[in-house]
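Me: I'm new to this structure and would like a close look at one part of it. Could you start there and then take me around the rest?

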Amino acid sequence: MGKKQIKSLDSIRKVKRRVEHKLLQKTGVKRVGVGVKVTDGQPTGEIVITAFVVKKRDDIPVKDRIPRQIYGIKTDVIESSEGYVIPQADELPECKVHYNPLIGGACVGPARRFENNGIMRGTLGAIVIDARNGQPGILSNFHTLAVTNDWPQADKTILQPPQGTSRIVAHLTQAVLLENEGVDAAVANIDASVGLAHAIAEIGTTNGSASAEIHTRVRKRGVATGLTYGKIQYTNVTGVQVDYTKFGLGVKTLSNQIAICADPPNTTFSADGDSGSAIVDDAGRVVGLLVGPDGQFYYANHIENVLN
């Protein structure tokens, strides 16, 4: 992209943030994001503000119709799933596999048990360095490592693997679930005795982080579906509803998410257990942190919001 295009994209995102709440109040609109306009089923290459609706209708009152342009920015309307993102923690063979040294893509989870003696499991997205003290840490989701709001008073021990013969690898230090910022993330400082591989299984070493860009090809390595490939379809998607009811947190509406679709030959990008996976572009840069699917797209936090 040239400088002119980058400035234009920034302008589109600013306008989208300015008007998204009004658009979400219109009949049938579930989400609002930024993506490439689609005409007759084909992408035009033009980046626009996109409204996600369950079903396009001709009987929408004029006041509830999406304008063709907003402050000079063109719009698009697409049909989208009405489903929620519902994080789960199914038993998986990978969640009994030991990784020594510890590596991104491994199965991790808290030592404490939950309702009905339940175990929480998810994916170690990446090993990060705490800027405050230089200590290495596990990066994953809030709903994978912290799980509930009472985590500061609870056992903070993190296990790898969380099933079978486990070992203590880290202790939870930070965890946030922020709707407006669109962040579902947690960090656990890794114990000094644990060996580390600063890489992600099946992907290799990473090359820092970068902003997610529309139509970028990405990959992730998760404990449920392994190494899969996808493409970023939309960014800055607001209105993504995540059902954390089973964790006692209710339904949260996340802003500013990345929407990914599976890229052939993959027919799926993620499944239950992949939560917390790092989303990596072809240059080896981490661009997002996976939350989960809603039946159509696979949603992830923007990595810059997570790190901030």
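In which sense do strands β20 and β21 pair, and over how many bridges?

Reply: Happy to, and keep in mind that this is a predicted model. Strand β20, residues 286-293, pairs with β21 in the antiparallel sense, and the pairing runs over 5 bridges. If you want a spot to look at, find proline 293, which stands opposite tyrosine 298 in β21. The two strands make a hairpin, with 4 residues between them. Glycine 295 sits in that turn and has a positive phi of about 105°.

Now for the other partner of β21. Strand β18, residues 257-262, also pairs with β21 in the antiparallel sense, here over 4 bridges. Tyrosine 298 turns up again in this pairing, with isoleucine 260 standing opposite. So how enclosed is β21, residues 298-302? Residues count as buried under 20% relative accessible area, and 5 of the 5 residues in β21 are buried, so the strand is largely enclosed by the rest of the structure.

The largest one has 37 residues. Those with the most contacts inside it are Ile138, Leu145, Ile158, Tyr244 and Tyr299. Two or more residues each come from α2, β11, β12, β15 (226-238) and β16 (240-243). Of these, β11 gives the most, with 5 residues. As background, nonpolar side chains tend to be buried together in soluble globular proteins.

Strand β11 shows up again when we turn to the open spaces. The second largest pocket holds about 460 Å³ of space. It is lined by 19 residues, and the closest to its centre are Gln174, Val187, Val306, Leu307 and Asn308. The elements giving two or more residues to this lining are β8 (126-129), β11 (168-178), β12 (183-190) and α3 (303-307). Sorted by class, the lining has 13 nonpolar, 3 polar and 3 charged residues.

Then there is the largest pocket, with about 640 Å³ of space. Here 23 residues form the lining, and Lys56, Arg57, Arg65, Ile66 and Val77 are the closest to the centre. By class, you'll find 8 nonpolar, 5 polar and 10 charged residues around the largest pocket.

By the rule used here, the count comes to 1 disulfide. What hand does this disulfide have? The torsion about the S-S bond is about 80°, so the disulfide is right-handed. Cysteine 95 is buried, at 0% relative accessible area, and cysteine 107 is buried too, at 0%.

The loop between β4 and β5 (102-104) has another feature to point out, proline 101. A cis peptide bond joins asparagine 100 to proline 101, and omega is about 10°. There is also a cis peptide bond between glutamine 160 and proline 161, with omega of about -10°. Look for proline 161 in the loop between β10 (157-159) and β11.

Last, a couple of backbone angles. Valine 147 is not a glycine, yet has a positive phi of about 75°. You'll find valine 147 in the loop between α2 (142-145) and β10. Is valine 147 buried or exposed? At 2% relative accessibility, valine 147 counts as buried.

Histidine 215 is another residue other than glycine with a positive phi, near 70°. The loop between β13 (196-200) and β14 (217-222) is where histidine 215 lies. With 35% relative accessibility, histidine 215 counts as partly exposed.

To come back to where we began, β21 pairs with β20 and with β18, and 5 of the 5 residues of β21 are buried.

Methods
Residues are numbered from 1 along each chain as its sequence is written. Side-chain values use heavy atoms; hydrogens and water are left out. Buried means under 20% relative accessible area, exposed over 50%, partly exposed in between (1.4 Å probe, protein chains only). Two strands pair if DSSP finds at least two bridges between them. On a 1 Å grid over the protein atoms alone, a cavity is a set of points where a 1.4 Å probe fits but cannot get out, and a pocket is an open set with protein on both sides within 12 Å along at least five of seven lines; lining residues have an atom within 4 Å of a point. Grid points are joined across faces, edges and corners, and a volume is the space filled by probe spheres set on the points. Ala, Val, Leu, Ile, Met, Phe, Trp, Tyr, Cys and Pro count as nonpolar, Asp, Glu, Lys and Arg as charged, and the others, Gly among them, as polar. A disulfide is a pair of cysteine sulfur atoms within 2.5 Å. A nonpolar core is a set of buried Ala, Val, Leu, Ile, Met, Phe, Trp, Tyr and Cys residues joined through side-chain atoms within 4.5 Å.
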